[in-house]
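Look at the model below with its ligand in view.

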Amino acid sequence: MAETVLITGGTGLIGRRLTELLLERGYRVAYLSRGPASYPNVKVFQWDISKGYVDKQALDNMDYLIHLAGAGIADGRWTEDRKKIILSSRTESIQLLARKMAEQGVKPKVFVSSSAIGYYGADTGDVQQTETSPPGNDFMAEVTVKWEAAADAVKALGVRTVKIRTGVVLSGEGGALPQIAAPARWAVGAPLGSGKQWVSWIHVDDICRMYLEALEHPDWEGVYNGVAPSPVTNEQLTRQICDVLGKPQWAPHVPAFALRLVFGEMAAVVLGSSYVKNERIRHSAFRYLYPGLQAALVDLLPKQ
Ligand SMILES: NC(=O)c1ccc[n+]([C@@H]2O[C@H](COP(=O)([O-])OP(=O)(O)OC[C@H]3O[C@@H](n4cnc5c(N)ncnc54)[C@H](OP(=O)(O)O)[C@@H]3O)[C@@H](O)[C@H]2O)c1
């Protein structure tokens, strides 16, 4: 009988593509969601983290558990209230799952939790970060440290646990790429700030394939940097997007102060430099579909 993968936040950018790949491989997919929406070929169960509620059947019937739930990092200015939601949606959610699993006496074969390269800090200049590099000390680094520590509550139940420190996911369906590409389509694509900041990107299909690899390969355990082999600078990213779209890149850089004015502390997400190496993936059997940016962009950016 087909095995069931239960995904929290499966309705999001990564979850939707991951669902397609899992269904193609013959898995059953179920979501733990805050909403009642229905999705083809997916069983949707409800949870309410603040009320400590998880539909019992969701956990009773899972073979694997993937945790993608989390309030959007770039969905609003980082007010104190927003910061609390960003943190609690990632940490209290896992603690709740661990508690319910213990109560119900069930556990998955594997628990794969998303994490983020924000662990190392939003701006680490040209310093190359590997999985053993120390955490940063800004807001997202603090969130990520607590997020990964929360995942250990499931590990403590004796479950093989994998944490994927995800880079900037490039997808045609949402996330960073359509926003960066929009001005380029109007021939006003411009690097942000100095443009020299490193962007550690990954094609959405490759990040989803890493989740599959983590499910299916019992030797995967602990932390992995979910990034492509070669980070690029923000300027290179902008130029390559313009090239692939066949648009000129002449517009001046968007000044850092203007971005800070509009986005506040959140501007660190685009102005910070983060060069993250795929050290553990490089030494695994995983093979990228899109190791280079050019091919990834050609795949993702629809021609007009
Ligand atoms: N995309 C990237 O570039 C990137 C980079 C680094 C790390 N990550 C991390 O990877 C995970 C998945 O990324 P994604 O891009 O697929 O995220 P996404 O599109 O924002 O989806 C996340 C899902 O989390 C659930 N969610 C939203 N707010 C929530 C809240 N307040 N409490 C509980 N659940 C909530 C929603 O599912 P329901 O509405 O069904 O509940 C949503 O569909 C996230 O934790 C994200 O931070 C993503």
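**Around the ligand**

Of the 23 residues around the ligand, those that come nearest are Thr11, Ile14, Ser33, Arg34 and Arg90. A residue counts as near if one of its heavy atoms lies within 4 Å of the molecule. This is a predicted model, in which local features need pLDDT of at least 70 and side-chain atom pairs count only at pLDDT 80 or more, while totals for chains, interfaces and linings use all residues. Residues are numbered from 1 along each chain as its sequence is written, and side-chain values use heavy atoms, with hydrogens and water left out.

Which atoms does the ligand meet? An oxygen atom of the ligand is 2.6 Å from an N or O atom in the side chain of Ser33. For an N or O atom in the side chain of Arg90, the distance to a ligand oxygen is 2.8 Å. Ile14 takes part through its backbone: a polar backbone atom there is 2.8 Å from an oxygen atom of the ligand.

How much of the ligand does the protein bury? Taken alone, the ligand exposes 890 Å², and the protein buries 80% of that. These areas come from the Shrake-Rupley method with a 1.4 Å probe; for residues, only the protein chains shown count as cover.

The elements that give two or more residues to the shell are helix H1 (13–24), helix H3 (80–104), strand S6 (110–116) and strand S9 (168–170). Helices (H or I, at least four residues) and strands (E, at least two) are DSSP runs, numbered from the N terminus. By type, the shell divides into 11 nonpolar, 10 polar and two charged residues. Here Ala, Val, Leu, Ile, Met, Phe, Trp, Tyr, Cys and Pro count as nonpolar, Asp, Glu, Lys and Arg as charged, and the others, Gly among them, as polar.

**The whole chain**

Now step back. The secondary structure of the protein chain comes to 11 helices and 14 strands. Its C-alpha atoms fill a box of roughly 60 × 40 × 40 Å along the principal axes. A compact globule of 304 residues would have a radius of gyration near 19 Å, and the chain agrees at 19 Å. That radius is taken over C-alpha atoms, and the globule rule is 2.2 Å times the number of residues to the power 0.38. Of the 304 residues, 52% are buried. Buried means under 20% relative accessible area, exposed over 50%, and partly exposed in between (1.4 Å probe, protein chains only).

**An enclosed helix**

Why is helix H6 described as largely enclosed by the rest of the structure? The reason is that 12 of its 13 residues are buried. Among them are Asp205, Asp206, Arg209 and Glu213. H6 runs over residues 204–216, and its 13 residues should span 18 Å at 1.5 Å a residue; the end C-alpha atoms are 19 Å apart, which agrees. The expected span is 1.5 Å times one less than the number of residues.

**Single residues**

Glu148 is found in helix H4 (residues 139–155). With a relative accessible area of 7%, Glu148 is buried. A polar contact of 2.7 Å joins its side chain to that of Arg165.

Gln197 sits in the loop between helix H5 (176–185) and strand S10 (198–199). At 3% relative accessibility, Gln197 counts as buried too. A polar atom of its side chain lies 3.0 Å from the backbone nitrogen of Gly195.

Buried or exposed: which is Asn41? Asn41 counts as exposed, at 65% relative accessibility. Its place is in the loop between strand S2 (28–33) and strand S3 (42–48). Phi of Asn41 is near 65°, a positive value in a residue other than glycine.

Gly72 lies in the loop between strand S5 (64–67) and H3. At 23% relative accessibility, Gly72 counts as partly exposed. Gly72 and Gly12 are 60 residues apart in sequence and 9.7 Å apart in space, C-alpha to C-alpha.

Finish at helix H2 (residues 56–60), where Lys56 is found. The side chains of Lys56 and Asp60 are joined by a polar contact of 2.9 Å.

Conventions
A polar contact is a pair of N or O atoms within 3.5 Å; within protein, one must be able to donate a hydrogen and the other to accept it, and residues adjacent in sequence count only if both atoms are side-chain atoms.
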